[in-house]
Amino acid sequence: MKDQIKKNFAWAQKEGVDVCLLAYDDRMSLLKVGSCLVVYHVGSRPELDYLTSLLTWNPERFFFKERYPQDAHCQYRARPQESYGFWVKEYDLKFWVDPGQYHDIGLFADQRKARQLIKALSDGKRVLNLFCYTGGFSVAAALGGARLVKSVDLSETYLLWARKNWEANRPAAARDFWLKRDVLEWLRSLPSDRFDLIIVDPPTYSSGKKMRQNWDIQKDHAWLLRSCQRLLAPNGSIYFSTHASAFHWDSSVPEISRWKDITEQIQTEDFPRNLVKAYIYQ
Ligand SMILES: C[S@@+](CC[C@H](N)C(=O)[O-])C[C@H]1O[C@@H](n2cnc3c(N)ncnc32)[C@H](O)[C@@H]1O
């Protein structure tokens, strides 16, 4: 682990990214978040002495969290803890993170390259970001020159967080719209808007009081992607990604051959391979 940490630490410094996975094994993952360290562990907490013996720097604070049960991405509801928020940078983007409060810090670093891709694809586009969380893709699209960005999420907390990120990045031209809605319900209402670029990075599973039906990426992606295709302007594209480890395409997805696998292209240097699978429809 020591070598992995040294290599990734140096890499992140050189790249200009403040959130970086330093190392991982079967028992724990070490995420550098600014000058703090988040330790995602399986079973009991690793000893502080052991952790410091691995590091070449002294974190300002350590945060310990139990690692996700497999495939629970974004649906894990640990009790909120004390907040500890600050700004981090990711190339030319700036995000508010909070390693203290929730299980996730507010920025999925494994989508770092995907945000750069969205930025590169957004010039002059009308962009829709579904399941927007803290708005990472929305901000990237705006800084890439999008003329309009509509972001949808059912969480008030995350939408407020996303707007804070948006304002801090001061996108010049883009008009912004924030919708506090269940994406599935909103798509069912057949919105009349058309978009040139749609980003859809849904949770693997989702359920809750605010939703009329549970969500399961494997069962429901065909319907979701079909609904997105309907909102697409001529020559538009859809970016779709998932963390579901056993994800496979449902043969009822329309025009399936037009979905290109870009998993390799968005692979980040510090994360395990194929943790995020990504596809683009053009
Ligand atoms: C996987 S994260 C999305 C990550 C985000 N795309 C990013 O890259 O930062 C899940 C997000 O989906 C939202 N969510 C879950 N189910 C939803 C639903 N049915 N409608 C709208 N938002 C939902 C959650 O509130 C959370 O913000």
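The domain assignment of this chain gives two parts, domain 1 (2–97) and domain 2 (109–281); bounds of this kind come from an automatic or database domain assignment. What we have is a predicted model, in which local features need pLDDT of at least 70 and side-chain atom pairs count only at pLDDT 80 or more, while totals for chains, interfaces and linings use all residues. Residues are numbered from 1 along each chain as its sequence is written.

Let me begin with how the domains meet. Their C-alpha centres lie 25 Å apart. The contact takes 20 residues from domain 1 and 24 residues from domain 2, where two residues are in contact if their C-beta atoms, placed from the backbone, lie within 7 Å. On the side of domain 1 that touches domain 2, the elements giving two or more residues are H1, S1, strand S5 (86–90) and strand S6 (93–97). Helices (H or I, at least four residues) and strands (E, at least two) are DSSP runs, numbered from the N terminus. By class, that side of domain 1 has 12 nonpolar, 4 polar and 4 charged residues. Here Ala, Val, Leu, Ile, Met, Phe, Trp, Tyr, Cys and Pro count as nonpolar, Asp, Glu, Lys and Arg as charged, and the others, Gly among them, as polar.

I turn to the sheet that contains S1. Four strands form an open sheet of mixed pairing, in the order S1-S2-S3-S4; two strands pair if DSSP finds at least two bridges between them. Strand S1 (19–24) and strand S4 (62–66) stand at the edges with a single partner strand each, so one side of each is left without a neighbour in the sheet. From one strand to the next, the twist averages 20°. Axes are lines fitted to C-alpha atoms, for helices over the stretch in contact, and angles run from 0 to 180 degrees between N-to-C directions.

S1 and strand S2 (residues 28–33) run antiparallel and are joined by 5 bridges. Helix H1 (residues 2–15) packs on the sheet, touching S1 and S2, and its direction makes about 165° with that of S1. S1 and S2 form a hairpin with 3 residues between them. Alanine 23 has leucine 30 of S2 as its bridge partner, and leucine 30 in turn stands opposite valine 39 in S3. S2 is joined to strand S3 (residues 36–41) by 6 bridges, again antiparallel. This second hairpin has 2 residues between its strands, and glycine 34 in the turn has a positive phi of about 60°.

Strand S8 (residues 148–153) and S9 run parallel, joined by 6 bridges, and valine 149 stands opposite aspartate 176 in S9.

Finally, which helix packs with helix H5 (residues 156–169)? The partner is helix H4 (residues 136–143), at an angle of about 25° and with the axes 9 Å apart. The two are therefore roughly parallel to each other, a label for angles under 35 degrees. Among the residues making the contact are Ala142 of H4 and Trp166 of H5. By class, the contact of H4 with H5 has 5 nonpolar, 3 polar and no charged residues.

Definitions and conventions
Parallel < 35°, antiparallel > 145°, perpendicular 65-115°, else oblique.
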